Amino acid sequence: MSMTSSTDSGMLHISDKEFQAIRDLVYDRFGINLTIEKKTMVVGRLQKILRTRGFNTFHEYYLYLVEDRTNQAIGELANQITTNHTFFYRESEHFEYFMKTILPEIVARKKQTNSKDLRIWCAAASSGEEPYNIIMCMMEYFGKDYSLWDAGLLGTDISDKALKAAKQAVYEPYRVQTLPETYKKKYFHRAGENWAVNDNVKKELTLRSFNLMNKKMPFKKPFDCIWCRNVMIYFDNETKRELVGRLYGQTAPGGYLLIGHSESLGRDSTQWKYICPAVYKKE
């Protein structure tokens, strides 16, 4: 593997072999397929780590990654590689469908077994906008009866940095501007120039670090609805096929899977039933 050097601009150069090594590591650990077009992005995002830790080459950094046994190094890599740009009410059609169709179906099914256990998983929680938005929708739907349900929501993400932001739940104005005004009034309070999620909403979200590439999923009961949006755009077809198969196994009969609108599942290669754009059902 060749050595790297600094360019005139101060940016460290990465050789093709070094990029391939990091690319393979990211794919093996996170399932993310870094194409050659992402090379400049990778260099830019990793510069600070290399300089902070005193590495002169990407080869030195790669050895640091593979030799680390604490998982701190790989976690730091995940924070830089994964993209966590999101905002409230992103792809709003999903939230409307969730309230008008999915929740009524779940409630009807639960009544048949006299159950109040509502299990929802946001598998790419990022900095918290999506899972908190889902909780707000549930609170809107159930109203004063929300407390009668064992509801809440599980939010997972691979990035510790994103999860920390989700726990803080304080957002810049542009991240909440797409929310209905009623939501901002009911579920937020001002924190200086920003907006903070109210405690009664925050306590309904359980946040955990979880890698979707794990072959075994540690969940005791199946979910009624899984949100896994805008994650699989980084995966190749084989990785995506394996993941949606595992998600299918974690979903209750009649349950739903919501993915990003820029994503799709091959209808001939999945057990999921296509319902409408980016919405699938287990029957």
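**Ground rules.** I am working with a predicted model, where local features need pLDDT of at least 70, side-chain atom pairs count only at pLDDT 80 or more, and totals for chains, interfaces and linings use all residues. Residues are numbered from 1 along each chain as its sequence is written, and side-chain values use heavy atoms, with hydrogens and water left out.

**Overall form.** I looked up the secondary structure and got 11 helices and 10 strands, taken as DSSP runs numbered from the N terminus (helices H or I, at least four residues; strands E, at least two). The C-alpha trace spans about 65 × 50 × 30 Å along its principal axes.

Of the 283 residues, 52% are buried; buried means under 20% relative accessible area, exposed over 50%, partly exposed in between (1.4 Å probe, protein chains only).

**Salt bridges.** How many salt bridges does the count come to? I got 15, using a side-chain nitrogen of Lys or Arg within 4 Å of a carboxyl oxygen of Asp or Glu.

I started with K39 and D16, whose closest N and O atoms are 2.7 Å apart. K39 lies in helix α2 and D16 in helix α1, so this pair ties together parts 23 residues apart in sequence. K39 is buried at 18% relative accessible area, while D16 is exposed at 54%.

Next came R109 and D224, a salt bridge at 3.5 Å, N to O. This pair links distant parts of the chain, with R109 in helix α5 (residues 92–112) and D224 in strand β7 (residues 223–227), 115 residues apart. I noted R109 as partly exposed at 23% and D224 as buried at 2%.

An α-helix has 3.6 residues a turn, so residues three or four places apart point the same way. K184 counts as buried at 10%, and E181 as partly exposed at 48%.

I also found a network of salt bridges linking E91, E130 and R229.

**Helix α3.** Which residues of α3 (58–67) are buried? I have F58, Y61 and L65. They cover an arc of only 55° around the axis, which puts them on the same side of α3; the arc is that of the directions from the helix axis to the C-beta atoms. The buried residues of α3 pack against α1 (16–30), α2 (39–52) and α4 (72–81).

**Cysteines.** I searched the whole structure for disulfides (cysteine sulfur pairs within 2.5 Å) and found 0. For C225, the nearest cysteine sulfur is that of C122, 9.8 Å away. For C228, the nearest is also that of C122, at 8.6 Å. C225 is buried at 0% relative accessibility, and C228 is buried at 0% too.

Terms used: Contact means heavy atoms within 4.5 Å.
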